[in-house]
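Q: I'd like to learn how to read a model like this one. Can we go through it feature by feature?

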Amino acid sequence: MFEYIDGFYDSRRIQKRLGHLSPVEFEEQHYADQATAERTNLKPRQPALTS
């Protein structure tokens, strides 16, 4: 069963719909992009002004 699934879902085969990346490369790029976006979106907190 594993051999069939592994043969059907080739994690190394380049996929056109994934931007000509393999599924593994696409996933790695996705998580790297997410981490970069999270770091970019972090804003320093301003102290609350209370009078």
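A: Helices here are DSSP runs of at least four residues, numbered from the N terminus. With that in hand, Met 1 sits in the segment before helix H1 (2–8). Keep in mind that this is a predicted model.

Q: How many helices and strands does the chain have?
A: Two helices and zero strands.

Q: What share of the residues counts as buried?
A: Buried means under 20% relative accessible area. By that cut-off, 8% of the 51 residues of the chain are buried. The chain exposes about 5400 Å², and carbon and sulfur atoms supply 57% of that area.

Q: Is Met 1 buried or exposed?
A: Exposed counts as over 50%, so Met 1, with a relative accessible area of 80%, is exposed.

Q: What about the phi of His 20?
A: Most residues other than glycine have a negative phi. His 20 is not a glycine, yet its phi is positive, about 60 degrees. You'll find His 20 in the loop between H1 and helix H2 (23–41). His 20 is exposed too, because its relative accessible area is 52% and the cut-off is over 50%.

Q: Where is Arg 13?
A: Arg 13 is in the loop between H1 and H2. Its relative accessibility is 42%, so Arg 13 counts as partly exposed.

Terms used: Residues numbered from 1 in each chain as written. Predicted model: local features only at pLDDT ≥ 70, side-chain atom pairs only at ≥ 80, totals over all residues. Heavy atoms only, no water. Buried < 20%, exposed > 50% of the residue type's maximum accessible area, 1.4 Å probe, protein only. Areas by Shrake-Rupley, 256 points an atom, 1.4 Å probe, with all protein chains shown as cover.
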